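The sequence and structure come first.

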Amino acid sequence: LDRNDLSENTLVIFTSDNGGLTQRYGKLDGFTDNHPLRRGKGSSYEGGVRVPMIAKWPGVTPKGTVCKEPVMGIDFFPTFVEAAQQKNSQEIDGVSLLPLFRNPDANLKRNALFWHYPHYHAGGDGPYSAIRMGNWRLVHHFEDDSDQLYHLGKDLSESSDQAQKKTEQVAEMKRVMADWQNSVGAQFLTENPSFDKDRSTQVEKKPKR
């Protein structure tokens, strides 16, 4: 960009599509360290979904500032459309991040973020849906129909489940998440007709130290 005199006229974003790889079973357990975040790629926890993001746009993004507003990869498309001063006629899930680029203290006026992962991951993690509202993050596990609730502002490592104490919070977040799932036509798990229970085994191996 510097060689072609484009640095001052280019928006550059550095990010990742998932957290670092950590396997629950097998030799790759502990392959990466996402501390203090829990678990890693493919999991329902912050170690799997929280990633770095750095944006540089000379004349727009204030240099050296930090924005605490959570955003998602679905926000990039509407951001690029607005940055290019174009119009979008498609229905999209994300929102433009330009207000945050101009002012890191701005608010996107979005009440929730959603994750929907209705299948299994090779690392041993199971299907789930999750929602974040403010500092609260709710995870619903499909295998046992259980819920976990964490306050990320006080418990970034997601080590203290508040679901049993904050039942009203859980109910409200599940209602909002269900409304979102219905609005996007989210797909859910279906039974595999070829599954052979007698031949299915899963052995959890302890990581070598």
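What pLDDT does the chain average, and what share of the residues score at least 70? The chain averages a pLDDT (the predictor's confidence in each residue, from 0 to 100) of 91, and 92% of the residues score at least 70. Over residues 203-209, however, the pLDDT is below 50, and this stretch has six contacts in the model beyond near neighbours in sequence, a contact meaning heavy atoms within 4.5 Å. Where pLDDT is low, the predicted coordinates should not be read in detail.

This is a predicted model, in which local features need pLDDT of at least 70 and side-chain atom pairs count only at pLDDT 80 or more, while totals for chains, interfaces and linings use all residues. Residues are numbered from 1 along each chain as its sequence is written, and side-chain values use heavy atoms, with hydrogens and water left out.

A pocket is here an open set of points on a 1 Å grid over the protein atoms alone, where a 1.4 Å probe fits and protein lies on both sides within 12 Å along at least five of seven lines; its lining residues have an atom within 4 Å of a point. The volume is the space filled by probe spheres set on the points, which are joined across faces, edges and corners.

| Pocket | Volume | Lining | Nearest its centre |
|---|---|---|---|
| Largest | about 1,300 Å³ | 44 residues | V51, P52, M53, P70 and V71 |

S96 is found in the loop between α2 (76-83) and α3. Is S96 buried or exposed? S96 counts as buried (under 20% relative accessible area) because its relative accessibility is 15%. The side chains of S96 and E82 are joined by a polar contact of 2.5 Å, that is, a pair of N or O atoms within 3.5 Å, one able to donate a hydrogen and the other to accept it. The side chain of S96 also reaches the backbone nitrogen of L98 at 3.2 Å. Leaving aside neighbours within four places in sequence, S96 is in contact with P78, T79, E82 and L108.

Methods:
Helix = DSSP H or I, 4+ residues; strand = E, 2+ residues; numbered from the N terminus. Buried < 20%, exposed > 50% of the residue type's maximum accessible area, 1.4 Å probe, protein only.
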